[in-house]
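Please look over the sequence and the model, then read on.

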Amino acid sequence: MLKTISQAFKVAEIRSKMIFTLLMLVVFRIGSNIPVPGINRGTLAQMFTGETGLFDLFDLFSGGSFSQFTIFALSITPYITASIIIQLLTMAFPYFERLAKEGQEGRKKMAQITRYLTIVLALIQALGLTVGLFRRAITDQTWFSFAVIILVLTAGTAFLMWLGEQINENGIGNGISLIIFGGIVARIPSGLRSLWTQYNDGALSIVTLLVFVVFAVAVILGVIEIQQGTRRIPVQYAKRVVGRKMYGGQSTHIPLKVNQAGVIPVIFALSILQFPLTITYFFPGTAFTEFVTKWLSPAGNPGVWVYAVFNVLLIIFFNYFYTAVSFNPVEVAQNMKANGGFIPGIRPGKATVEYLNKVMSRLSFVGAIFLAVIATLPTILGVLVPALKGMHFGGTSLLIAVGVALDTMKQLENQMVMRNYQGFLK
């Protein structure tokens, strides 16, 4: 990886793209520390002590901007939600399905609709946060002040969306993913400082610290192996004679990823599980809060074990669901048949669909178990080693960070390969 980066930095065009990407991430981090106007910082600090439920997930994606209520507090989450909604609509409405099949023009139209939907969702979320959750932290309780904060938060999301698109056009990697990656990585120094402080205070022993480091490295290696793992389905294309030329006869493959759904099942499972915890935030001291804290919270006993079991079951369910959404074996089989392709030993048509379904089902099971283990292990580790609870070592953040890093490195390597081929052809 370091060799690839050093070689890429020697190429002027790629170097400019890398520097542009880094500068855009610096802009993102600067904006993440600019608070919205009219906020009482003391009241805000009191609001985010202890378990905050679903807000922890928002704080993860925003790199701490949510709990600090800065101009990027909404982060890019409205865009992610809008993208998922548009993707699901392609299955339910023929209009969106037709756009998805229209090539470049269709993708441009869908991107435009996604942008508009992002602004609408950002306005709704900004209104809810300003008038609801953060209202007692606002010093000037007037509608003009609320309107300014709502517009600032919405503009912050729109700016981040534009920033991501600029990285896509002029930088390296996927802009939206890199913004989330930047927020996650920004939390690492505070986590390391927390560990060091606990070690100096005697709350952590050197053995525990070493075990944690070994465990973290092992988990990262496991994430890389599974993220890169694919099952290659061989495909043979029949030979066709058209005029005096012969077409086809090539052998290729369909790469089916072990973790086809990515990090989406973990996010969906977290959203459902932490929703009751979020409700308790608004009703402190009630019987409902005591029940949720005891039975459904990762901080409760036996709630942590109930939470872990439900987390595993929901991740497995959403993994199968999202894999079915993102991979259509019927469409794959039809495309193969239309181009004269077939899987050796499998008849084209219905038999191919059944075979692809069977293979994808087995891969989904492995991917679901992997996601469940990665997402649940940090919770169990926090129970076994209470001193590590303050460390932001979540399965979601780990999967996103490693996945984005791998994807960015692949794009960088592709840029280098294109450069090498161009030099060879000259």
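## A lysine in helix 18

K410 is partly exposed because its relative accessible area is 42%, where buried means under 20%, exposed over 50% and partly exposed in between, with a 1.4 Å probe and protein chains only. K410 lies in helix 18, which covers residues 395–425; helices (H or I, at least four residues) and strands (E, at least two) are DSSP runs, numbered from the N terminus.

The side chain of K410 makes a polar contact with the side chain of Q228, at 3.4 Å. A polar contact is a pair of N or O atoms within 3.5 Å; within protein, one must be able to donate a hydrogen and the other to accept it, and residues adjacent in sequence count only if both atoms are side-chain atoms. From C-alpha to C-alpha, K410 and G173 are 8.7 Å apart in space, although 237 residues separate them in sequence.

## Basis of the model

This is a predicted model, in which local features need pLDDT of at least 70 and side-chain atom pairs count only at pLDDT 80 or more, while totals for chains, interfaces and linings use all residues. Residues are numbered from 1 along each chain as its sequence is written, and side-chain values use heavy atoms, with hydrogens and water left out.

## Helix 10

Helix 10, residues 175–186, has twelve residues and spans 16 Å from its first C-alpha to its last, close to the 16 Å expected at 1.5 Å a residue; the expected span is 1.5 Å times one less than the number of residues. At the start of helix 10, a side-chain oxygen of N174 comes to within 3.2 Å of the backbone nitrogen of I176. The buried residues of helix 10 include I176, L178, I179 and I180.

## A nonpolar surface patch

W196, Y199, I206, V207, L210 and V211 make a nonpolar surface patch of about 610 Å². Two or more residues of this patch come from each of helix 11 (188–201) and helix 12 (206–228), and helix 12 gives the largest share, four residues. V211 belongs to helix 12 and counts as exposed because its relative accessibility is 53%.

Patches are made of residues with over 30% relative accessible area and no salt bridge, like charges being joined within 9 Å and nonpolar side chains (Val, Leu, Ile, Met, Phe, Trp, Tyr) within 5 Å. A salt bridge is a side-chain nitrogen of Lys or Arg within 4 Å of a carboxyl oxygen of Asp or Glu.

Three strands form an open sheet in the order 4-1-5, with antiparallel pairing, where two strands pair if DSSP finds at least two bridges between them. Strand 4 (251–257) and strand 5 (341–342) are the edge strands, each pairing on one side only. Strand 1, residues 230–237, is joined to strand 5 by two bridges, and Q236 stands opposite F342 in strand 5.

Terms used. Areas by Shrake-Rupley, 256 points an atom, 1.4 Å probe, with all protein chains shown as cover.
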